[in-house]
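Colleague: I have a model open in my viewer and would like to learn how to read its features. Could you walk me through them?

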Amino acid sequence: MNRPGRARVALLLTVVTAALLTACTGTDADPARADATPTTQPTSSPTPNSPPPPSPSPTASPTPSTAAEIAEAVDKWYTYGGETAMVSLIKEARNAESGRPREALELMVLDFGGLTDALSTARLMGPIPDPKTQTAWAAAIEHLDGAVREILASVPKDGRTIQSLQETGQLLRGWSTFDEGIKSLKSAQALLNRRFGLKPSVDPWEAGA
């Protein structure tokens, strides 16, 4: 595959019970070591004629603070590409979910190319100038990106068409993360509508939109 999300992969899924998944799920992260001894760096005396440290540079543009300023900034974000980025991300997430397995030993095709492109576009838009809405929007991008990586990583690398128990667990965790991304995406869209009256002309969640 050229890059994550580009290739179409066909395989047979073995769906296992939640009890088996729980028994086989372990913690991958190793605890941080606390026995390292810090090294002592020699200190140097300041030069008598050394110049004072530079003052921090002022910010390039003020951050909107009043309700009116925030509303105006959000409206500009939405008008100049934000709406397009959000609608595209919703549609591509729906398209990607169409390959989600529903039954045991079901042939599935994973194609996240459109979703990865939409995620890249969403990142280029920059943050939404409203902290609460931006939190939901950033969570949607993070969860969906993480889901794509985990689902693709669950694909057998040795030519097998049936996943192992561990790979199946990883796949199901990936789709669970995907669901969290969808929830955050819906939350971001709802906040834009409720707080700023911004919504697309056609609901991108509806079939055929």
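**Reading the helices and their contacts**

Modeller: Happy to. Of the 209 residues of the protein, 33% count as buried. Keep in mind that this is a predicted model.

Colleague: Which elements does the protein have, and how do they run from the N terminus on?

Modeller: There are five helices and two strands. Starting at the N terminus, their order is β-α-α-β-α-α-α.

Colleague: Now the helix pairs. What describes two packed helices?

Modeller: The general idea is that two packed helices are described by the angle between their axes and by the distance between those axes. Take helix 4 (residues 131–153) and helix 5 here: they pack at an angle of about 160 degrees, and their axes are 7 Å apart. Helix 4 is therefore roughly antiparallel to helix 5. Their crossing is left-handed, and the residues of their contact comprise 17 nonpolar, eight polar and five charged ones.

Colleague: What are the angle and the axis distance for helix 2 and helix 5?

Modeller: Helix 2 packs against helix 5 at an angle of about 150 degrees, with the axes 11 Å apart. This crossing is left-handed too. On the helix 2 side, the residues that meet helix 5 include Ile-70, Val-74, Trp-77, Met-86 and Leu-89; on the helix 5 side, Trp-175, Phe-178, Ile-182 and Phe-196 are among them. By class, the residues of this contact divide into 17 nonpolar, one polar and two charged.

Colleague: You mentioned Trp-175. Which residues is Trp-175 in contact with?

Modeller: Trp-175 has its place in helix 5. With its neighbours within four places in sequence left aside, Trp-175 is in contact with Ala-96, Glu-97, Arg-100, Pro-101, Leu-110, Phe-112 and Ile-151. For Ile-151, 24 residues away along the chain, the C-alpha atom is separated from that of Trp-175 by 7.1 Å. Trp-175 counts as buried because its relative accessibility is 2%, under the 20% cut-off.

Colleague: That leaves helix 2 and helix 4. At what angle do they cross?

Modeller: Helix 2 (residues 67–97) and helix 4 cross at roughly 35 degrees, and their axes come within 13 Å. Once again, the crossing is left-handed. To find this contact in your viewer, select Trp-77, Ala-85, Met-86 and Leu-89 in helix 2, which meet Trp-137, Ile-141 and Leu-144 in helix 4. The residues of this contact are seven nonpolar, no polar and no charged.

Colleague: What about helix 3? Which residues is Ala-118 in contact with?

Modeller: Ala-118 lies in helix 3. Apart from its neighbours within four places in sequence, Ala-118 is in contact with Ser-88, Leu-89 and Glu-92. With a relative accessible area of 4%, Ala-118 is buried. The C-alpha atoms of Ala-118 and Ile-141 are separated by 9.6 Å, and the two residues are 23 residues apart along the chain.

Colleague: Let's finish with a loop residue. Is Asp-130 buried or exposed, and which side chains does its own side chain make polar contacts with?

Modeller: Asp-130 sits in the loop between helix 3 (113–124) and helix 4. Its relative accessible area is 4%, so Asp-130 is buried. The Asp-130 side chain makes a polar contact with the side chain of Thr-133 at 2.6 Å and another with the side chain of Arg-195 at 3.1 Å. Leaving out neighbours within four places in sequence, Asp-130 is in contact with Ile-70, Val-74, Arg-195 and Phe-196.

Colleague: Thanks, I'll look at those contacts in the viewer.

Terms used
Residues are numbered from 1 along each chain as its sequence is written. This is a predicted model: local features need pLDDT of at least 70, side-chain atom pairs count only at pLDDT 80 or more; totals for chains, interfaces and linings use all residues. Side-chain values use heavy atoms; hydrogens and water are left out. Axes are lines fitted to C-alpha atoms, for helices over the stretch in contact, and angles run from 0 to 180 degrees between N-to-C directions. Helices (H or I, at least four residues) and strands (E, at least two) are DSSP runs, numbered from the N terminus. Angles under 35 degrees count as roughly parallel, over 145 as roughly antiparallel, 65 to 115 as roughly perpendicular and the rest as oblique. A crossing is left-handed if the near helix is turned anticlockwise from the far one by less than a right angle, and right-handed if clockwise. Ala, Val, Leu, Ile, Met, Phe, Trp, Tyr, Cys and Pro count as nonpolar, Asp, Glu, Lys and Arg as charged, and the others, Gly among them, as polar. Contact means heavy atoms within 4.5 Å. Buried means under 20% relative accessible area, exposed over 50%, partly exposed in between (1.4 Å probe, protein chains only). A polar contact is a pair of N or O atoms within 3.5 Å; within protein, one must be able to donate a hydrogen and the other to accept it, and residues adjacent in sequence count only if both atoms are side-chain atoms.
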